[in-house]
2 protein chains.
Amino acid sequence: MRHRYIVKKIQYSVWDFIKGAHDAWSGWVCVLLVGVVTGCVAGVMDIGASWMTDLKLGICPQAFWLNREQCCWSSNETTFDSGNCSQWYTWPEIMGHSREGGFAYFVSFFFYTLWALFFAALSASLVKMFAPYACGSGIPEIKTILSGFIIRGYLGKWTLIVKSVGLMLSVSAGLCLGKEGPMVHIASCIGNIFSYLFPKYGKNEAKKREILSAAAAAGVSVAFGAPIGGVLFSLEEVSYYFPLKTLWRSFFCALIAAFVIRSINPFGNEHSVLFYVKYNEPWILFDLVPALALGILGGAIGTVFIKGNLYWCRFRKFSKLGHYPVTEVLTVTLITAVISYPNPYTRLNMSQLIYLLFSQCGISNSDDLCDYNRNFTNVNSAVEIAAAGPGVYRAIWLLILAFIVYLILTIFTFGMKVPCGLFIPSLCLGAIMGRIVGIGMEQLAYNYPEVWIFADECSKGGNCINPGLYAMIGACAVLGGVTRMTISLIVIMFELTGGVRYIVLLMAAAMTSKWVGDALGRQGIYDAHIALNGYPFLGKEEFAHTTLAADVMQPKRNETLSVITQDSMTIDDIVNLLKETEHNGYPVVVSKESQYLVGFVLRRDLNLAIENAKRMIDGISVMSVVYFTSATPAQSLGPPPLMLKKILDMAPITVTDQTPMETVVDMFRKLGLRQTLVTHNGRLLGVITKKDVLRHIKQMDNEDPNTVLFN
Amino acid sequence: MRHRYIVKKIQYSVWDFIKGAHDAWSGWVCVLLVGVVTGCVAGVMDIGASWMTDLKLGICPQAFWLNREQCCWSSNETTFDSGNCSQWYTWPEIMGHSREGGFAYFVSFFFYTLWALFFAALSASLVKMFAPYACGSGIPEIKTILSGFIIRGYLGKWTLIVKSVGLMLSVSAGLCLGKEGPMVHIASCIGNIFSYLFPKYGKNEAKKREILSAAAAAGVSVAFGAPIGGVLFSLEEVSYYFPLKTLWRSFFCALIAAFVIRSINPFGNEHSVLFYVKYNEPWILFDLVPALALGILGGAIGTVFIKGNLYWCRFRKFSKLGHYPVTEVLTVTLITAVISYPNPYTRLNMSQLIYLLFSQCGISNSDDLCDYNRNFTNVNSAVEIAAAGPGVYRAIWLLILAFIVYLILTIFTFGMKVPCGLFIPSLCLGAIMGRIVGIGMEQLAYNYPEVWIFADECSKGGNCINPGLYAMIGACAVLGGVTRMTISLIVIMFELTGGVRYIVLLMAAAMTSKWVGDALGRQGIYDAHIALNGYPFLGKEEFAHTTLAADVMQPKRNETLSVITQDSMTIDDIVNLLKETEHNGYPVVVSKESQYLVGFVLRRDLNLAIENAKRMIDGISVMSVVYFTSATPAQSLGPPPLMLKKILDMAPITVTDQTPMETVVDMFRKLGLRQTLVTHNGRLLGVITKKDVLRHIKQMDNEDPNTVLFN
């Protein structure tokens with residue numbers, strides 16, 4: 001007996017231990033799962049997108065499920081130029097023609113466009129039919145959700161599936177979009193779904209947001225192979241409340257996701273550093289001047305992009321255009337395909353173009369961009385500056401064209417009803433700008449090497465101006481101008497490129513670009529979209545006005561406040577109050593005359609409690625008095641009383657009527673309040689809800705307070 | 001006339017504009033100045049420390065102010081081995097002996113020790129005489145200051161001067177210490193001093209803390225050449241409240257400081273990446289296993305270090321030892337010099353040793369560590385694994401000795417009364433450990449290449465196991481174990497080494513090390529020192545108990561609360577109350593009977609107002625009634641009333657007695673409160689001060705609540 005008892009006890013204590021450990025570790029386990037699944041989803045998407053992108057150019061007849069690179073591997077050819085091999089058939093070849101020639105060009109173009117249109121139409125239709133929330137980048141919405149607003153279904157499983165498939169399709173369609181924003185959304189969906197496995201997180205919105213913050217970090221981590229950048233992006237841009245514990249969890253989640261995608265490693269290439277740059281020379285002091293100039297240009301281009309994009313999105317929202325999302329997507333896809341196919345730089349996908357622009361002209365680089373008049377004597381010799389050949393000038397013209405095309409197309413693309421992000425397009429615009437400026441500087445230094453600013457460095461030989469480095473700085477500046485990120489941007493940039501040595505240059509460009517952008521137009525693209533959609537997002541800026549709580553609270557003078565008394569209202573009174581008003585909750589006071597505050601009760605809880613009481617308690621009637629006190633009322637003749645102390649929140653947050661709104665806004669932000677009660681000498685005067693605060697801020701900034709949506 | 005008026009108006013408006021801009025930009029200007037000055041101070045310190053370190057070995061007779069490297073430059077010799085040249089005289093040479101031989105060794109050793117003792121004695125005396133606050137790393141104190149506690153003089157100009165000079169001396173003395181913590185302290189002093197130039201920051205403690213956070217970032221930025229790491233260190237480890245605006249300012253401040261030190265660039269070397277590693281091969285999956293093992297070891301070593309160091313610091317604090325700081329410093333310096341001189345690895349300074357351990361054995365590396373049986377056929381060929389020669393085994397034994405010596409010495413050194421940080425010693429310990437493990441793994445892989453875990457990678461040739469990389473991971477793990485940093489640690493690591501490619505490995509080691517450390521002993525070294533010194537620091541951990549505000553508030557049952565009534569107490573009553581009690585402030589209520597809360601008044605303001613009134617207002621006497629209301633009291637016969645509404649804080653933060661302490665702690669932390677008032681149904685019940693909260697937390701954690709200092 002005793003033995004059995006002890007065994008049982010041990011079993012129990014083991015079980016208790018596991019339960020306790022499960023509770024303590026559930027957060028870590030949850031982010032572990034989120035990281036693993038995010039990594040897997042991203043890996044599958046990478047493989048799929050690469051296959052479909054290659055499908056636009058040709059097919060592997062022996063094994064149609066292989067993309068070009070894999071197809072060529074299986075052929076065991078050791079030399080193949082520009083990725084083509086005999087196993088891989090381009091569409092003209094399939095049709096029985098040769099690879100070269102005018103007709104082949106036309107057939108290639110035709111199939112390219114056809115597939116693009118097909119992918120885009122599929123993506124847009126999926127979004128339209130199954131998950132309207134799956135469109136766009138999703139970051140503005142996730143910011144809003146993390147600030148405490150709930151959008152039902154925004155992070156559901158349908159959104160997850162449609163967004164993953166749709167993103168794969170729209171990337172393959174060759175549209176001007178990236179996958180970073182949507183990857184953050186996808187990761188957040190995964191975070192949301194997994195948090196339901198752990199009651200501690202699934203049932204508590206505040207706790208769930210911690211998981212979502214970590215998931216957002218994993219999203220950037222897999223999209224860019226930038227785990228640290230992801231954590232900082234979540235911290236700086238996405239999250240609202242980011243305690244140290246969340247920092248550690250995000251870090252872990254991003255680590256796991258990065259590790260999983262590296263292990264899957266779809267193509268055997270080095271996903272860990274996406275745009276790895278091989279150069280590593282120290283920069284010269286003079287480089288700082290063009291870096292600042294690129295920062296200014298980046299801020300300006302960012303602002304142009306934001307203004308243009310907002311104008312178009314507003315037009316789409318309020319005109320008929322919004323009713324034909326699929327048509328819009330198809331039109332933009334067609335235009336993109338037609339315009340981008342002839343230009344060799346736009347025909348490359350954006351990531352390849354960025355890689356090309358970031359790289360330094362070496363001995364093996366045969367692109368027009370590297371058509372310099374120089375002789376390499378040795379693989380390891382420094383890349384000296386040299387006179388540009390005609391190819392470079394041709395390349396510059398094509399790049400300027402590409403820049404204009406991409407800028408306009410991206411303005412129209414971002415915000416369409418397909419999953420679309422804007423990191424890669426912004427980086428690409430910036431890289432083009434930076435490369436052009438870089439070539440300009442290089443030629444200047446080559447032609448006037450005696451000018452004192454170049455004299456020190458460029459006369460010695462060795463590498464003094466590197467256009468690839470300028471492309472990197474330009475990319476950083478434009479992305480900074482568009483999103484107004486600072487530190488997360490820098491970290492992402494050097495996780496992408498490995499250019500740790502150039503941190504100071506990148507920082508200078510990012511800081512300038514942020515300042516210029518903030519001076520030209522107040523908000524970054526995500527905040528602008530939040531305002532456009534009217535989400536109730538309480539920004540992190542300081543509230544700089546001198547109004548008091550008394551000016552903002554409801555009700556205004558001459559109106560009465562809906563309150564419940566603690567021991568004198570009947571069920572009937574309360575039901576009537578609930579019918580007449582629409583508030584989410586009601587303050588409970590000692591008596592209507594004294595208005596001394598006792599607590600706060602939620603509408604939902606009241607409704608539920610009254611319904612339950614009517615069903616469960618004998619003798620309860622509409623005339624029963626509702627008590628919010630614990631004292632047992634004296635026996636009286638009427639129907640039995642209803643005791644509701646347990647649904648009363650005895651610890652509502654209160655402020656006095658003389659509290660400056662600056663403090664009130666601060667409390668809303670930091671404590672994540674939904675409402676606060678306003679008192680004077682202990683007496684209840686009114687209520688301030690989050691909606692009141694948001695409207696008041698809009699009003700003080702001379703904007704229309706009615707643009708704020710709620711519910 | 002009119003013209004003159006307009007001109008004047010324009011002048012005014014220009015002046016107003018400048019004033020407005022100055023106000024808006026003063027924060028940026030302030031951090032700019034802090035960055036510039038921090039960079040300059042760090043540059044000067046680097047130059048000085050390098051000169052003094054070389055002085056221990058010899059002198060440049062032609063120009064004694066040059067260090068060895070500069071001395072050899074001026075001699076124009078192109079070849080000199082191990083940094084020595086004919087212009088540079090070692091001490092035996094000065095004394096007329098040759099460089100080699102037993103006697104020369106003894107003379108060198110003698111001078112080495114003599115100078116070290118001299119530097120250490122000077123440093124300790126300076127600290128003892130002029131600025132007792134200048135000792136230690138300063139990070140625990142800065143954390144406490146940033147959490148809202150004020151330590152007068154801790155960030156003053158004397159501390160700044162003595163800490164800068166003292167740090168230079170104690171680094172030169174060859175003690176087991178680094179300059180990172182003290183650099184953060186120095187930068188914070190600079191931040192504090194410059195904030196007084198801008199009234200907006202100098203007069204507002206909360207605003208000043210924003211400048212201090214930015215300055216802390218600049219401190220790490222110049223100490224390590226790691227601007228991003230500095231910002232993250234300030235965010236993760238040092239700062240308490242870190243809004244986005246502070247993030248951007250810190251970023252800017254760190255950027256400027258990094259730029260200035262790079263421009264000063266004391267020795268023409270590449271300060272921007274301190275321990276730059278040249279290898280860049282992708283890591284193999286198996287590397288993850290030793291990385292995790294190093295993480296575990298790092299966490300364990302960190303804990304051993306913390307426990308040992310705390311034990312010794314406690315002993316110093318409560319024994320006679322604390323009264324002889326200079327003697328203690330001299331003893332430790334002597335022991336350090338005597339023990340470290342014979343071992344070639346400990347004779348190097350720590351930074352050089354770390355650099356050596358991080359590097360890969362190449363064709364030009366002739367150290368014992370690189371005594372492998374392999375032939376390099378080509379400079380660019382991969383470094384294959386090879387059998388270790390006898391030199392490697394000799395090196396391993398010396399490194400193990402060095403590890404033990406450094407671990408013990410650092411435990412005794414950190415906390416002595418000289419400026420001392422522990423980043424470099426921790427990194428050094430970790431690098432030794434990692435290198436040894438790395439060599440072990442390498443030999444394992446070489447001897448058993450057919451084991452499946454190595455089979456894939458190591459059989460192909462090429463670099464499969466790199467002991468230098470392991471040293472880097474080990475360094476990261478031990479520093480993580482000691483400080484419990486995560487993300488800032490990783491960023492600092494790859495700003496130090498440029499090893500962006502190894503992020504996942506570093507992250508795995510840092511995370512494991514943090515977990516192991518947290519499991520073995522709860523606190524990191526800085527938090528442990530805060531607890532040891534009893535600073536009133538409200539940690540960022542969640543409060544996990546279920547107590548209520550009513551359990552914590554003062555007064556307890558049966559005591560009365562000191563309150564002031566709004567319109568019935570005379571000056572005499574108030575003066576008596578101030579004499580009898582020592583509270584920092586008093587709640588003001590409607591009347592003693594009702595206890596309805598009106599506001600809160602500070603002791604300081606009350607004292608001041610009463611004194612002023614006695615001096616300034618005719619007829620005021622001790623019997624004057626003090627009014628905190630705005631209503632004019634009816635004319636009565638007595639002395640004129642004293643109206644004190646303007647010193648009354650009408651917006652005190654209140655909580656109800658049923659509020660869970662979890663919420664209260666959260667409010668204290670996020671809103672930076674010093675006290676909160678506890679009410680029930682509008683009636684005042686008591687007060688909770690920060691001290692009460694800190695004591696309550698200690699009590700709940702079963703620690704002695706009386707260890708918390710206050711004032």
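A cavity is a set of points on a grid where a 1.4 Å probe fits but cannot get out. Keep that in mind for the opening view, and remember throughout that this is a predicted model.

**The largest cavity is lined by strands of chains A and B.** Rolling a probe the size of a water molecule over the atoms shows where empty space is left. In this structure, nine cavities of 30 Å³ or more turn up, and the largest has a volume of about 250 Å³. Which residues are closest to its centre? Of the 21 residues in the lining, they are A:T654, A:T679 and A:G682, along with B:T679 and B:G682. From chain A, the elements that give two or more residues to this lining are β6, β9 (654-656) and β10 (675-680); from chain B, they are β6 (597-602), β9 (654-656) and β10 (675-680). Sorted by class, the lining has 13 polar, six nonpolar and two charged residues.

Two copies of a chain are related by a rotation about an axis and a shift along it. The same surface serves both copies, with 97% of the contact residues of chain A recurring in chain B.

**In chain A, β3, β5 and β6 form an open sheet.** The three strands lie in the order β3-β5-β6, with mixed pairing. Why is one side of β3 (564-565) and of β6 (597-602) left without a neighbour in the sheet? These strands of chain A stand at the edges, so each has a single partner strand. Follow β5(A), residues 585-589, and you will see five bridges to β6(A) in the antiparallel sense. Among the paired residues, A:V588 has A:G599 of β6(A) as its bridge partner. Helix α25 of chain A, residues 603-616, lies across β3, β5 and β6, and runs at about 75° to β6(A).

**Chain B has an open sheet of β3, β5 and β6.** Its three strands are arranged in the order β3-β5-β6, and the pairing is mixed. In chain B, β3 (564-565) and β6 stand at the edges with a single partner strand each, so one side of each lacks a neighbour in the sheet. Strand β5(B), residues 585-589, is joined to β6(B) by five bridges, in the antiparallel sense. Look for B:V588, whose bridge partner in β6(B) is B:G599. Lying across β3, β5 and β6 of chain B is helix α25 (residues 603-616), at about 75° to β6(B).

**In chain A, β10 and β11 form a hairpin.** The strands β10(A) and β11(A), the latter spanning residues 683-689, run antiparallel and are joined by six bridges.

**In chain B, a hairpin is made by β10 and β11.** Six bridges pair β10(B) with β11(B), residues 683-689, in the antiparallel sense. Here you can pick out B:H680, whose bridge partner in β11(B) is B:R683. The hairpin has two residues between its strands, and B:N681 takes a positive phi near 50°.

Methods:
Residues numbered from 1 in each chain as written. Chains lettered and ligands numbered in written order. Predicted model: local features only at pLDDT ≥ 70, side-chain atom pairs only at ≥ 80, totals over all residues. Heavy atoms only, no water. Pairing = 2+ DSSP bridges. Helix = DSSP H or I, 4+ residues; strand = E, 2+ residues; numbered from the N terminus. Contact = heavy atoms within 4.5 Å. Axes fitted to C-alpha atoms, helices over the stretch in contact; angles between N-to-C directions. 1 Å grid on protein atoms, 1.4 Å probe; cavity = no way out; pocket = protein on both sides within 12 Å on 5 of 7 lines; lining within 4 Å. Points joined across faces, edges and corners; volume = space filled by probe spheres on them. Nonpolar A, V, L, I, M, F, W, Y, C, P; charged D, E, K, R; others polar.
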